[in-house]
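Have the viewer open as you read.

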Amino acid sequence: MDEATAARPLVLVVDDDESMRELLRKQMERDGYRVNTAGDGRGALARAEAEPPDVVLLDALMPGMDGFQVAEALKVSAPTRTVPIIMVTGLNDQQSKLRALKAGAQEFLTKPVDRSEVSLRVQNVLMLKEYSNFLADQNRILEQRVQERSRQVLASYRETITTLCRAATYKDEETGGHVRRISYYTEDIASTLGMNAAFCETIHYASPMHDIGKIAIPDAILRKAGTLNPSEWDIMKSHTTLGAQLISSGDSPYLQMGAEIALHHHERWDGGGYPAGAKGQVIPISARIMNICDQYDALRSQRPYKAALPHERAVEIITAGDGRTMPSHFDPDVLGAFKRSAERFRKIFESVKE
Ligand SMILES: [Fe+2]
Ligand SMILES: [Fe+2]
């Protein structure tokens, strides 16, 4: 079949009377359509299934499966559900017209059929079908555009968050690599804990903002070589509340969770953390996850005052304690998830650099 032929609408003519079938076939071909024919109900369904037509001219009265049953069957089968049906009936009574409508026919023709009427009815039905196809296409295109736009908005949103976090690292001893690795660690623990997909995705983008409040801490304190005196330490600890203030006004889930993490990421399960000394479940799960990830990455990183530790030692300190870091600092469930995630933490640390 060449391209021009394939583009022509396909009419399926169904009639048990061969002379009627031939008459309709010829007429439809004269009108420029492609035509398939069937002499009974079963044959019609098989034909329609194999090559869904654009319109069916369907005889109502046939031996065996009649036109009403064929129409019903076409309407429940996915490939033929939207194919318009013109019922050709010898019965010019209200009752059979209602039956045909119920069975899903759009139009009727009464035998003996008037030639120009057949042509016009088929033309009308095809125009309607084309129009509804066009509408469906337009809807699909619109839907795709909306999705594309949302994807773009989301992508630029995430880019803004990432840039903000990168800006914060200029002031801090913590590096861009740390901020990027945190995303992967926190997402990994969240999914090991069985959190839902939305949570895992949100924590990926929210966790890098944990230290965003350091933007507001004076360099003299942030970069001080020696130990901080008590009042300096108080200022340092305020990076939690300042960070939360900075981003909590945003209503996106990223900023909401980001603020929650910023505020609570130094709290400890046993109540020994800051700023509030919050304990147990009072600390949001996002921050409990963040805390253990931050600890692992800090232990593995080199700082002016400490050497980088190997993976095994970092895991040992977190799970068994070293006097400074203790297992009681962590939510036992989160600690359990950390143990299961540990091998992946090693890989994240080794592969996600500056
Ligand atoms: Fe912090
Ligand atoms: Fe950190």
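## The iron site

Which protein donors does the iron ion (ligand 1) have? In this predicted model, they are Asp-211 through OD, and His-239, His-265 and His-266, each through NE2. These atoms lie 2.0 to 2.3 Å from the iron ion (ligand 1). Along the chain, the donors follow the spacing D-x27-H-x25-H-H.

If you plan to set up this site, note its geometry: the angles among the 4 donor atoms run from 82 to 172°, and the site counts as irregular. The iron ion (ligand 2) is 5.3 Å from the iron ion (ligand 1). Asp-211 sits in the loop between α8 (197-206) and α9 (219-222), while His-266 sits in the loop between α12 (253-264) and α13 (285-300), so this pair ties together parts that are 55 residues apart in sequence. Asp-211 is buried, its relative accessible area being 9%.

Now over to α2, residues 18-30.

Met-20, Arg-21, Leu-24, Gln-27 and Met-28 are the buried residues here. They cover an arc of only 135° around the axis, so they lie on the same side of α2. Their packing partners are β1 (10-14), β2 (34-38), β3 (55-59), β4 (85-89) and α6 (115-169). Glu-18, Ser-19 and Arg-30 are exposed, on the face turned away from that buried side. Just after α2, Gly-32 adopts a positive phi of about 95°.

Key. Residues are numbered from 1 along each chain as its sequence is written. Chains are lettered from A and ligands numbered from 1 in the order in which they are written. This is a predicted model: local features need pLDDT of at least 70, side-chain atom pairs count only at pLDDT 80 or more; totals for chains, interfaces and linings use all residues. Side-chain values use heavy atoms; hydrogens and water are left out. Buried means under 20% relative accessible area, exposed over 50%, partly exposed in between (1.4 Å probe, protein chains only). Helices (H or I, at least four residues) and strands (E, at least two) are DSSP runs, numbered from the N terminus. The arc is that of the directions from the helix axis to the C-beta atoms. Contact means heavy atoms within 4.5 Å. Donors are N, O and S atoms within 2.8 Å of the metal (3.2 Å for Na, K and Ca); water is not among the atoms, so sites may look incomplete. Four donors count as tetrahedral if all angles lie between 85 and 135 degrees; four count as square planar and six as octahedral if opposite donors are over 155 degrees apart and all others between 65 and 115; anything else is irregular.
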